[in-house]
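Subject: Structure handover

Hello,

Here is the structure I promised to pass on. My notes follow below it.

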Amino acid sequence: MKKRIPVIAGNWKMFKTRDDALAFIYQVNTKVPAIEEVETILFVSPIYLRTLIKRQEDNLRIGAQNMHFAEEGAFTGEVSANMLTNIGTTHVLIGHSERRQYFAETDETVNQKLLSAHAHKLTPTICVGESLETREAGKTNEFVRNQIKKAFKGISKENAIKTIVAYEPIWAIGTGKTATPQDANDTIKSIRQTLQELYGSSVSEKIRILYGGSVNPKNISELLNESDIDGALVGGASLNPQSYLELVTAAVK
Ligand code: PGA
């Protein structure tokens with residue numbers, strides 16, 4: 001029996017038309033298990049957020065893939081936390097490695113976004129993870145611990161508990177290469193240890209830490225069997241309704 005309610009989050013990235021997104025929602029909406037058993041979130045394109053939120057049933061959460069940290073301002077093309085909550089958004093993904101790599105996000109902006117998300121009562125999922133180079137140099141834990149410390153700067157205990165963390169080794173994203181369950185669990189343990197040093201174990205034991213990187217219906221169970229892996233952040237395998245439902249169902253067992 002898991003200590004924490006598992007989370008299965010799909011990250012649709014820049015995929016799906018509005019019609020595809022609607023067809024998906026209608027197929028999975030009433031089939032996802034109760035929120036007390038597993039929390040299901042879909043991070044979708046911001047232009048479909050409102051459409052999907054209007055149709056989401058009680059057990060499915062729709063979230064944004066990004067947000068700006070400023071309240072408002074001259075930031076062409078960006079979306080604020082206030083704009084997200086104004087249309088009923090409850091969840092947001094922050095600091096995905098693709099955002100860090102292609103859109104110049106840093107540990108500092110990730111921290112500012114996390115602070116802003118909490119100030120607006122959005123539930124954030126923040127991503128951390130090392131490159132292949134860092135892993136091969138044997139510096140994974142040091143690197144990820146540093147990302148966590150910087151991301152949580154100024155975050156209260158109450159808000160730390162509400163934050164979901166996703167550990168996604170960059171070399172495993174979209175490559176078909178998954179970290180072994182043991183390796184993923186070891187790094188996640190080190191993340192939990194860092195959170196314990198920051199907030200104490202009454203907080204760190206409550207924070208959900210997910211694994212992400214080439215998770216699919218075949219490998220999810222062995223990942224979830226590990227002591228500290230509380231769910232998954234899934235890209236490719238979350239795009240198909242059947243495969244998404246298989247992932248979600250695996251988390252209930
Ligand atoms: P993937 O993506 O499951 O396609 O590897 C995971 C992610 O980027 O969140």
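Which residues is Tyr211 in contact with, leaving aside its neighbours within four places in sequence? Tyr211 is in contact with Tyr167, Pro169, Ala172, Thr178, Ala179, Ala184, Ile188, Leu223, Ile229, Gly231, Ala232 and Leu233. Contact here means heavy atoms within 4.5 Å.

First, the ground rules. This is a predicted model, where local features need pLDDT of at least 70 and side-chain atom pairs count only at pLDDT 80 or more, while totals for chains, interfaces and linings use all residues. Residues are numbered from 1 along each chain as its sequence is written, and side-chain values use heavy atoms, with hydrogens and water left out.

Core

Tyr211 and Phe152 have the most contacts inside the largest nonpolar core, which has 63 residues. A nonpolar core is a set of buried Ala, Val, Leu, Ile, Met, Phe, Trp, Tyr and Cys residues joined through side-chain atoms within 4.5 Å. Buried means under 20% relative accessible area, exposed over 50%, partly exposed in between (1.4 Å probe, protein chains only). Helix H12 (residues 241-252) gives the most to this core, with 6 residues. Helices are DSSP runs of H or I, at least four residues, and strands are runs of E, at least two, numbered from the N terminus.

Ligand

There are 13 residues around the ligand (a heavy atom within 4 Å). Lys13, His96, Glu168, Gly174 and Ser214 come nearest.

On its own the ligand has 280 Å² of accessible area (Shrake-Rupley, 1.4 Å probe). The protein covers 95% of that.

Backbone

Lys13 sits in the loop between strand S1 (7-11) and helix H1 (18-28). Its phi is near 50 degrees, a positive value in a residue other than glycine. Ala104 also has a positive phi, near 55 degrees. Ala104 is in the loop between helix H4 (97-102) and helix H5 (107-119), and is exposed at 60% relative accessibility. Most residues other than glycine have a negative phi.

One more residue

Thr51 lies in helix H2 (residues 49-55). Thr51 is buried, at 11% relative accessible area. Beyond four places in sequence, Thr51 touches Arg18 and Leu22.

Best wishes
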